[in-house]
Amino acid sequence: MTDDGTVSTAAPGSVPTETQWDLWEVFTQEGQGAPHEHAGSVHATTAEHAMQNARDVYARRGKIVSLWVVPTTAIVASAPGDAGPLFDPGNDKAYRHPQFYKVPRGVRGL
Amino acid sequence: MTDGNGEQETGNRGPGDGWIAGARPSTATSGVVDNPLVESLLRLADDRLVLGHRLSEWCGHGPILEEDIALANIALDLVGQASMLLKLAGEVEGKGRTDDALAYFRDAVEFRNVQLVELPNGDFAATIVRQFLFDAWDVLALEELAGATTEALAGIAAKALKEAKYHLRHSAEWVRMLGDGTAESHQRAQRALDELWPYAGELFLMDDTDRAAVAAGNGVDMEVLRPRWREIVDQVLTEATLTIPKGAFAPRGGRTGRHTEHLGRMLADMQSLARAHPGATW
């Protein structure tokens, strides 16, 4: 059954038609000032529905103080094939990394 | 038992041809305790214990993973509330009965829940409509009880209120989605409302025990609550394009131990392990 009540006509063995609800990505914050971190995803029909499902799946245990839900389709991801051009140039220039520099003893608050 | 319109007022028959068929209350009543506070606590606790157990029956059978988890969460909330209330009831009673003793070693005639919560789950729409009718009542009742004279009761109510507000948000959203969804979801939600609406009336009945609890500052005046409940329910049902059924069928008796045949079967399932292995821990 699809969600308009009609019976799916997909042939046996064929790839099933998409009957799942939309996917939403869930971000949880564990304390004031902490970053919202990606927790996982939920299926839901509306933003309110996504918020409730996110709460039930990811926020019932642990000290969550804030939730974000974002339609998965709103996320623009880098392509795996772009990893070289996007990320490699930084790796062979060690002086670009903070670890390259020694912090003098006695410096506080870094 | 064949027509669903329910003109009789006696509560001596089940409603129509739906999944509730056979909801004929027994006439037995016993196990009435003489302490009004204990009695009130049992009524509050048993609504939650029975509804929590019914919801737990969905575990592993939910329509979608997220909702399966949601229903199990709500079931756990309700059973947790029941546990606290039963523990308090046992302490106030002073006869050494623990929460487990009260949950697992009372028979159906000693249970004080409304019949609404003991009815079989039916389909998902029926489970949701029942939950919504209960949750709207529960939030209002707990708001009142959070100011109870007995501090322990007030504390439990305040904690439970936070949970109940989420339960209502969840069930109300689902009532809207089902009622204002597809033709089939609307039809199922309306059928559920037709069958369950008469049972909601029992939530608002008052007897001497309730009046004693109100007088002692540990009860809720249901007459005051009812119009506020109707306001919440009407608004959501209107948004859900669902129609409140007409009819005078008004089952009652759960608060004094008269239950449908469904409770006994449910308790047989719920209590069998504890009765087969009394005192077992795991």
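## A glycine to start from

With 16 C-beta neighbours inside 10 Å, Gly80(B) counts as partly exposed. The scale behind that word takes C-beta atoms placed from the backbone: a residue is buried if 20 or more others lie within 10 Å of its own, exposed if 12 or fewer, and partly exposed in between. Gly80(B) sits in helix α2 (residues 65-93) of chain B. Its C-alpha lies 9.0 Å from that of Ala160(B), although 80 residues separate Gly80(B) and Ala160(B) in sequence.

## How to read this model

Please keep in mind that this is a predicted model: local features need pLDDT of at least 70, side-chain atom pairs count only at pLDDT 80 or more, and totals for chains, interfaces and linings use all residues. Residues are numbered from 1 along each chain as its sequence is written, while chains are lettered from A and ligands numbered from 1 in the order in which they are written.

The predictor gives the complex an ipTM of 0.74 and a pTM of 0.81. For single residues there is pLDDT, the predictor's confidence in each residue, from 0 to 100. Chain A averages 81, and 79% of its residues score at least 70. Within chain A, confidence is lowest in helix α2 (residues 83-91), with a mean of 76, and highest in strand β3 (residues 66-71), at 97. Over residues 1-10 of chain A the pLDDT is below 50, and beyond near neighbours in sequence this stretch has 13 contacts in the model. Two residues are in contact if their C-beta atoms, placed from the backbone, lie within 7 Å.

Chain B averages a pLDDT of 90, with 88% of the residues at 70 or above. Residues 1-17 of chain B have a pLDDT below 50, and this stretch has 39 contacts beyond near neighbours in sequence. Residues 25-31 of chain B also stay under 50, and for them the model has 25 contacts beyond four places in sequence.

## Two chains, two make-ups

Chain A holds two helices and three strands, which run β-β-α-β-α from the N terminus on. Chain B has nine helices and zero strands. These elements are DSSP runs numbered from the N terminus: helices are H or I over at least four residues, and strands are E over at least two.

Of the 110 residues of chain A, 14% count as buried; in chain B, buried residues make up 46% of 282. Among contacts between residues at least 6 apart in sequence, 39% join residues at least 24 apart in chain A, and in chain B the share is 76%.

## Inside chain B

Helix α1 (residues 36-56) of chain B has 21 residues and should span 30 Å at 1.5 Å a residue; its end C-alpha atoms are 30 Å apart, which agrees. The expected span is 1.5 Å times one less than the number of residues. Because 19 of its 21 residues are buried, α1(B) is largely enclosed by the rest of the structure.

Further along, α5(B) packs against helix α6 (residues 183-200) of chain B at an angle of about 125°, with the axes 7 Å apart. These two helices are therefore oblique to each other. Angles under 35 degrees count as roughly parallel, over 145 as roughly antiparallel, 65 to 115 as roughly perpendicular and the rest as oblique. In this pair, Val175(B), Leu178(B) and Gly179(B) of α5(B) meet Ser185(B), His186(B), Arg188(B) and Ala189(B) of α6(B).

## Where the chains meet

The contact takes 13 residues from chain A and 12 residues from chain B. On the side of chain A that touches chain B, β2 (37-44) and α1 each supply at least two residues, and α1(A) gives the most, with six.

The axes of helix α1 (residues 47-58) of chain A and helix α5 (residues 151-179) of chain B come within 11 Å and cross at roughly 140°. That makes α1(A) oblique to α5(B). Glu48(A), His49(A) and Gln52(A) make the contact from α1(A), and Arg169(B), His170(B) and Glu173(B) make it from α5(B).

## A loop residue worth a look

Thr241(B) lies in the loop between α8 (222-239) and α9 (261-276) of chain B. This threonine has a positive phi of about 55° although it is not a glycine. Most residues other than glycine have a negative phi. With 13 C-beta neighbours inside 10 Å, Thr241(B) counts as partly exposed.

Terms used. Axes are lines fitted to C-alpha atoms, for helices over the stretch in contact, and angles run from 0 to 180 degrees between N-to-C directions.
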